[in-house]
Amino acid sequence: MTALTLDKALEIIAAAFAMGAELKLRPLGVSVLDAGAHLVAFQRQDGASFLRPQMSAGKAYGALAIGMGSRRVEAFAKERPHLIAGVSDVSGGRVLPVVGGVLIRDEAGTIIGAVGISGDTSDNDETAAIAGIEAAGFGADPG
């Protein structure tokens, strides 16, 4: 299993920001969590709103908590709101069931963390997360 180091987390963030610049996205906040949902790194671009740390981490946390990218977590929230409400309750409200949280998989397919991005549309946030994860040499699992 490949470790999700601080250097790799910063590489993910830099590549996500580069994709954001390429696509001309609004300022982003990027959280990288390890498999235990501990924050490895967070950065917020100038001009990003003050809730970006919580929102981006909530997307990544939700992906890890459910074991699938937040695209599917969001679908679950629509199909089975009682399930997501329960998960949110037991997590202390840390789950944000919105697209933009992407699981990070190592070369063996093991989940080693997640990236959450907030700042632009949810689909664009997800695109930037995938770009960051893949640029760091990991597999991106959006859901």
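Predicted model: local features only at pLDDT ≥ 70, side-chain atom pairs only at ≥ 80, totals over all residues.

Trainee: In what order do the elements of the chain run from the N terminus on?

Mentor: The chain contains five helices and five strands. Read from the N terminus on, their order is α-β-β-α-α-α-β-β-α-β.

Trainee: Why is the chain described as being as compact as a globular protein of that length?

Mentor: For 143 residues, the globule rule gives 15 Å. The chain is as compact as a globular protein of that length because its radius of gyration is close to that value, at 14 Å.

Trainee: What percentage of the contacts between residues at least 6 apart in sequence join residues at least 24 apart?

Mentor: A contact here means heavy atoms within 4.5 Å. Among contacts in the chain between residues at least 6 apart in sequence, those joining residues at least 24 apart make up 66%.

Trainee: How much of the accessible surface of the chain belongs to carbon and sulfur atoms?

Mentor: The accessible surface of the chain comes to about 6600 Å². The share that belongs to carbon and sulfur atoms is 55%.

Trainee: Is Lys 24 buried or exposed?

Mentor: Lys 24 is found in the loop between helix H1 (6–23) and strand S1 (29–34). Its phi is near 60°, a positive value in a residue other than glycine. The cut-off for exposed is over 50% relative accessible area. Lys 24 has a relative accessible area of 73%, so this residue is exposed.

Trainee: Is Ala 37 buried or exposed?

Mentor: Ala 37 lies in the loop between S1 and strand S2 (39–44), and its phi is near 70°, a positive value in a residue other than glycine. Buried means under 20% relative accessible area. The relative accessibility of Ala 37 is 15%, so this residue counts as buried.

Trainee: How many residues lie between S1 and S2 in the hairpin they form?

Mentor: S1 and S2 pair in the antiparallel sense, over five bridges. Ala 37, with its positive phi of about 70°, is in the turn of this hairpin. The number of residues between the two strands is four.

Trainee: Which residue of S2 stands opposite Val 32?

Mentor: S1 and S2 are antiparallel partners. In this pairing, the residue of S2 that stands opposite Val 32 is Ala 41.

Methods: Residues numbered from 1 in each chain as written. Heavy atoms only, no water. Rg over C-alpha atoms; globule rule 2.2 N^0.38 Å. Areas by Shrake-Rupley, 256 points an atom, 1.4 Å probe, with all protein chains shown as cover. Buried < 20%, exposed > 50% of the residue type's maximum accessible area, 1.4 Å probe, protein only. Pairing = 2+ DSSP bridges.
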